[in-house]
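Please check each of them against the structure shown below.

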Amino acid sequence: MERMQQIVGRARAAFNSGRSRPLEFRIQQLKALERMVQEKEKDILAALKADLNKCGHNAYSHEILGVLGELALTMEKLPSWAAPQPVKKNLLTMRDEAYIGYEPLGVVLVIGAWNYPFVLVMQPLIGAIAAGNAVVVKPSEVSENTARLVAELLPQYLDKDLYPVVTGGVPETTELLAQRFDHILYTGNTAVGKIVMAAAAKHLTPVTLELGGKSPCYIDKDCDLAVACRRITWGKYTNCGQTCIAPDYILCDPSIQSKVVENIKTTLKEFYGEDVKSSPDYERIINKRHFKRVLGLLEGQKIAHGGETDEASCFIAPTILTDVSPESKVMEEEIFGPVLPIVTVKSVEEAIEFINRREKPLALYVFSNNKQLIRRVISETSSGGLTANDVIMHSMVPDLPFGGVGHSGMGAYHGRHSFETFSHRRACLIKDLKLEVLNRLRYPPGSMEMMHLSKLLLLKQCNKSRVGQFISALLVAVKALVAKVLCPWREG
């Protein structure tokens, strides 16, 4: 516990020194981070290979490319993001300066996840640095090689006191959560999310929780099944199904279930060849504990394709389940593996009802040529994010917030949303000491005439059909104001 107090204490002292606040310093640190990614690319790829069997091009596109893109965007836009944001004023404040100022929160904690162990630490770190905070980084111990590398590299490139890295498992994380932070961002599962939130509540610390859930994918009969299934196959089996916004299960009409299966089987062969296990593009389950958990979800299910496993290498083949009961075990928890259940529904109404009976998902997907149907799914459901006629891609748009709702999380980040998540939006009004006469409106003694004038001056808009009434009332109120200023003895 003492070690964690010292780490957080040093970070807070460094933040209180003020050196993380200047934009020049923030951009300097972001450039150093960019240099780290570029210079240590081979080491990062090797760690990802060791943890998740990610081949070079997959690891680069899944993790490094996203970090470099976030860095480039943030360094370019940071001066405009951090600039004071003027707000509209009324007649009473038209001479004043009113704006929203962005200030850093203080010392924040970023707890990463193991499934994308590099990008899910770096992206929030980028936003927190950009906002001017000190950041304690806690990579997931499950992806031990990447965690060790992050702990080794960050102190070589960034300010050691402002951006310390803490490694370790549950005991270390528990000790860390006992400390006071000004914001916590956690990526992981709902159970641990509740623990993080409970720990934060003791200090009234706000949290951003990037959790998960069962992200549904509805396929309409009016749809190009070949294209839809290719896109679904990519999103589902990328990273061996260990993606928080992967389509968790398919909802479709019974009449197209077999066609969906055949199209996915064809695509799997196209992606990974005849022998999936030997494909360099197919990853592995992170460890044996998760391997056994995913394997347990297959019990009693009708396997339409796949199902082959190898515990020694944590290999589970891309698997499709058909005629899945909504009450089965595989439909109770987030799968987080290469298993795709298909549940049949007879209409979009039934699909919407099915989705709404469950917790709000992190993502929702719908495939259809019918734009009205897509709009209906959007308007009658709720999810963290939604992509129509594709999967996962909403998370690639820098200007869209990435986050959950309800059990799938709270808060959001990516791009400007990261900067705002780690900033306090401070309301600022700067007045001068002139025209004190106008303040007679709010000083006692009061009158109904003064109240009416205040009301008129505070109105943001005036209905054009009532301009005459407005002017007449304004003249009466001004007359009353003049009387109060020039003849105050007549009050009362």
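1. Helix H12 (residues 348-356) and helix H13 (residues 371-380) have axes that come within 10 Å and cross at roughly 25 degrees, the axes being lines fitted to C-alpha atoms over the stretch in contact, with angles running from 0 to 180 degrees between N-to-C directions. H12 and H13 are therefore roughly parallel to each other, a label given to angles under 35 degrees. Their contact (heavy atoms within 4.5 Å) is made by Val-348, Glu-349, Ile-352 and Asn-356 of H12 together with Leu-373, Arg-376, Val-377 and Glu-380 of H13.

2. On the basis of these notes: this is a predicted model, in which local features need pLDDT of at least 70 and side-chain atom pairs count only at pLDDT 80 or more, while totals for chains, interfaces and linings use all residues. Residues are numbered from 1 along each chain as its sequence is written, and side-chain values use heavy atoms, with hydrogens and water left out.

3. An open sheet of 7 strands runs in the order E9-E12-E13-E8-E7-E14-E15 with mixed pairing, where strands (E, at least two residues) and helices (H or I, at least four) are DSSP runs numbered from the N terminus, and two strands pair if DSSP finds at least two bridges between them. Strand E9 (303-305) and strand E15 (385-388) are at the edges with a single partner strand each, so one side of each is left without a neighbour in the sheet.

4. Within this sheet, strand E7 (residues 216-219) pairs with strand E8 (residues 249-252) in the parallel sense over 4 bridges, and Cys-217 has Ile-250 in E8 as its bridge partner. Helix H9 (residues 225-237) packs on the sheet, touching E7, E8, E12, E13 and E14, and its direction makes about 135 degrees with that of E13. Helix H10 (residues 257-272) also packs on the sheet, where it touches E7, E8, E9, E12 and E13, at about 160 degrees to the direction of E13.

5. Which residues does Val-260 touch, not counting residues up to four places away in sequence? They are Ile-219, Leu-225, Cys-229, Ile-250, Cys-252 and Ile-342.

6. A second sheet, also open, has 5 strands in the order E4-E3-E5-E6-E16, again with mixed pairing. Strand E4 (134-138) and strand E16 (409-410) stand at its edges, each with a single partner strand, so one side of each lacks a neighbour in the sheet. Strand E3 (residues 107-111) and strand E5 (residues 183-187) pair in the parallel sense over 4 bridges, with Leu-109 opposite Ile-184 in E5.

Notes:
Angles under 35 degrees count as roughly parallel, over 145 as roughly antiparallel, 65 to 115 as roughly perpendicular and the rest as oblique.
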